[in-house]
Amino acid sequence: MELSRKHRATLEAIFADPVLANIPWREIEALLLACGAELSEGEGSRVRAALNGVRAVFHRPHPHKETDKGAVKSARRFLIEAEITL
């Protein structure tokens, strides 16, 4: 899978240690789409994601656009389970 420089930077931010809490959610969504994930809207701020047979439900952050550390950890776990790593 070939990722753009921006998507690669987002992937590196998700896997950064210590966990970052300032990644804009729209960049995480764009990365998931670039990796081939199927995203669908759920109720409220929920977003369902499916990638390589792995499913997850995320909550879009609001009112701020940046994710918190818990959401970044969830995105990291989802990517690892879907076999997407650095």
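Gly36 follows the helix, and its phi is positive, near 100 degrees. I note that this is a predicted model.

**Entry: helix 2**

I listed the buried residues of helix 2, which spans residues 25-34. They are Trp25, Ile28, Glu29, Leu31 and Leu32. I found helix 1 (5-14) and helix 3 (69-81), together with strand 1 (38-41), strand 2 (46-51) and strand 3 (54-59).

**Entry: helix 1**

I repeated the search on helix 1. Its buried residues are His7, Thr10, Leu11, Ala13 and Ile14. They sit on the same side of helix 1, because their arc around the axis is only 160 degrees. Helix 2 and helix 3 are among the elements that cover them.

**Entry: the core**

I looked up the largest nonpolar core and found 25 residues in it. Ile14, Leu51, Phe58, Phe78 and Leu79 have the most contacts inside this core. Helix 1, helix 2, strand 2, strand 3 and helix 3 each supply at least two of its residues.

**Entry: salt bridges**

I counted 4 salt bridges. I went through several of them.

Glu27 pairs with Lys6, at 3.7 Å from N to O. This pair links distant parts of the chain: Glu27 is in helix 2, Lys6 is in helix 1, and they are 21 residues apart. Glu27 is partly exposed at 21% relative accessible area. Lys6 is exposed at 54%.

Arg8 pairs with Glu12, with the closest N and O atoms 4.0 Å apart. Both residues lie in helix 1, 4 residues apart, about one turn of the helix. An α-helix has 3.6 residues a turn, so residues three or four places apart point the same way. Arg8 is partly exposed at 34%, and Glu12 is partly exposed at 41%.

Glu29 pairs with Arg60, at 2.8 Å from N to O. Glu29 is in helix 2 and Arg60 is in the loop between strand 3 and helix 3, 31 residues apart, so the pair links distant parts of the chain. Glu29 is buried at 15% relative accessibility. Arg60 is partly exposed at 25%. Salt bridges that share partners join Glu29, Glu41 and Arg60 into one network.

**Entry: Arg76**

Is Arg76 buried or exposed? I found it buried, yet without a salt bridge. The nearest side chain of opposite charge is Asp17, 5.1 Å away. The cut-off for a salt bridge is 4 Å. Arg76 lies in helix 3. A polar atom of its side chain lies 3.0 Å from the backbone oxygen of Ile14. Leaving aside neighbours within four places in sequence, I found Arg76 in contact with Ile14, Phe15, Ala16 and Val19.

**Entry: backbone checks**

Most residues other than glycine have a negative phi, and most peptide bonds are trans.

- The bond joining Asp17 and Pro18 is cis, with omega about 10 degrees. Pro18 is in the loop between helix 1 and helix 2.
- The bond from His62 to Pro63 is also cis, with omega near 5 degrees. Pro63 is in the loop between strand 3 and helix 3.
- Asn52 is not a glycine, but its phi is positive, near 55 degrees. Asn52 is in the loop between strand 2 and strand 3, and it is exposed at 56%.
- Glu83 is not a glycine either, and its phi is positive at about 65 degrees. Glu83 is in the segment after helix 3, and it is exposed at 69%.

**Entry: one distance**

Last, I looked up Glu43, in the loop between strand 1 and strand 2. Glu43 is exposed, with a relative accessible area of 62%. Its C-alpha atom is separated from that of Ala13 by 28 Å.

Conventions
Residues are numbered from 1 along each chain as its sequence is written. This is a predicted model: local features need pLDDT of at least 70, side-chain atom pairs count only at pLDDT 80 or more; totals for chains, interfaces and linings use all residues. Side-chain values use heavy atoms; hydrogens and water are left out. Buried means under 20% relative accessible area, exposed over 50%, partly exposed in between (1.4 Å probe, protein chains only). Contact means heavy atoms within 4.5 Å. Lys and Arg count as positive and Asp and Glu as negative; His and the chain ends are not counted. A polar contact is a pair of N or O atoms within 3.5 Å; within protein, one must be able to donate a hydrogen and the other to accept it, and residues adjacent in sequence count only if both atoms are side-chain atoms. A nonpolar core is a set of buried Ala, Val, Leu, Ile, Met, Phe, Trp, Tyr and Cys residues joined through side-chain atoms within 4.5 Å. The arc is that of the directions from the helix axis to the C-beta atoms.
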